[in-house]
Amino acid sequence: MLYTVAKRISTMIYLFGLFVVLGVQTVQGAALKQEIPAENAATLLNHSMAMVQRMEALLAQGNGSDVILRIQTVSTDEVKVIQAHSLVLTLQSDVFDELLQTRNSSNLVLKESADCASVFEKFIRYLYCGDISVRPDQAIPIHRLASKYHIWALQQGLTRYMTQHLSSDSPTGHVVSWYQYAVQTGDTTLRDSCLQYLSWNLSSVLQSVEWRSISDDLLLSLLQRSDLVLQSELELYDALEAWISQNQPADVTAESALRAVRYGMIPPQHLFRLQKQSPMMLKYYESVRDLLFLTFQFHAASPVQLAKYFDVNCSLFMPRNYLSSAWGSPWVINNPTRDDRSFSFQTQLGPSGHDTSKRVTWNALFSPRWLPLSVRATYSEHGSMQPTRTDNGQPRIIITPATSSPDFAGVSFQKTVIVAARQQGKVVVRHVYNFHQSTEETGDFLVDADLQRRTSEYLIDSSLYLHIIVKPIYHSLIIARK
């Protein structure tokens, strides 16, 4: 006991001496600044980098060490040894403080999982130096260690790192594993960020190795969402069939997943093929028979006529964010701050087979600095227009049909604007905005985008990459008799 106390006191003296040396350097630097006029006497002298370097050398060399950390990998004989300093550990972690107070020797045995043991040296270095380099595959084990030893600043920093690096490349993908970890730990911020990334970039996720590792619960959560961004509902069905073939889930899971497919968004010619050629459909046909029957009715009749007897405002007939040309068009705006731009495109009237031959022409207007009426130019009592600055205007998009049509009865059109951005070298969906006619309705369209700056994270090669989608939403006209 006396040996431990003496050892700890000697360590404190050693560290105190280190701080004194750095303090002398600071004082010497300050002396050089005394010749500066009085108004500049508060100049900051920063030797923090020298401090970090000395602390890193202290850990690496083990000078004055009074505790030996023995990191034992669970279920193996592998042990890592780190010479550390109890003063540093206790200052950083109340957990280490308690462990060090109850130890019986200079050794402190810590049992960790293999992934946590592999990054433990990086974790300890952070306690000494205050910085750490992280790869996507290291984020979870370091986050576990930060949580276990109550290093809250590191834990919060890693959560921010993960939410900001969802698009980073990794050999086997990491967003799904981060989502599952967030669910286990109750981290709702990370969970929601992962779920949103997967939803908005689902088309690329379906083609990746990560899709095979999606859990049953995550799969069902994704299938319930209307904000999925993908080429078509058929693409989702094909990916679902591959997932079921790979993972062989319980029948109840497979049936729930199949019933979440929006068959009304799949053209009838493809539905006929699925009925006869899809192994998954052949196996689980009875579980979706009612949905297919209603879908074929939807394709055969006018949506207005069908709405008199059936609920067409359900998920079966609710489009997702489809990127195929039948639903919308990409729009690349070069130098978006220059002036107003207009653009025309066509979509099919609706997904019903009854409407596939009917086209609607849409006019889109982009204004980089649109001003609300309340701050637009006004006229004085003498009739002259008062100048109004447009520097503070916000970007806006208006989308309207070129003509009206009686075919629009019983349906409203939701407009969706997808904004792409380049993150970690990959083009991903940055934002999705939904509105009826104008992005002004959302109140936050590109509100944080500095489009004047060529390096803005919203721009790709100085251009704004958008994709406009028009989604018909059907409304029930008469409640069906029971």
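Predicted model: local features only at pLDDT ≥ 70, side-chain atom pairs only at ≥ 80, totals over all residues.

Trainee: What makes up the protein chain in terms of helices and strands?

Mentor: The protein chain holds 17 helices and twelve strands. Of its 482 residues, 43% are buried.

Trainee: Why is Gln138 called buried?

Mentor: Buried means under 20% relative accessible area. Gln138 has 10% relative accessibility, and therefore counts as buried.

Trainee: Where does Gln138 lie, and which residues does Gln138 touch, not counting residues up to four places away in sequence?

Mentor: Gln138 belongs to the loop between helix H6 (120-129) and helix H7 (139-148). With residues up to four places away in sequence not counted, Gln138 touches Val119, Lys122 and Ser133. A contact requires heavy atoms within 4.5 Å.

Trainee: How do you know that strands S8 and S9 pair?

Mentor: Pairing requires at least two bridges between two strands. Seven bridges join strand S8 (residues 359-370) to S9, so the two strands pair, and they run antiparallel. Leu365 stands opposite Ile398 in S9.

Trainee: In what order do the strands of this open sheet stand?

Mentor: The order of the three strands is S7-S8-S9, with antiparallel pairing.

Trainee: Why are strand S7 and strand S9 said to stand at the edges?

Mentor: Strand S7 (341-348) and strand S9 (394-401) each have a single partner strand, so one side of each is left without a neighbour in the sheet. On average, neighbouring strands of this sheet are turned by 25° against each other, direction ignored.

Methods. Residues numbered from 1 in each chain as written. Heavy atoms only, no water. Buried < 20%, exposed > 50% of the residue type's maximum accessible area, 1.4 Å probe, protein only. Axes fitted to C-alpha atoms, helices over the stretch in contact; angles between N-to-C directions.
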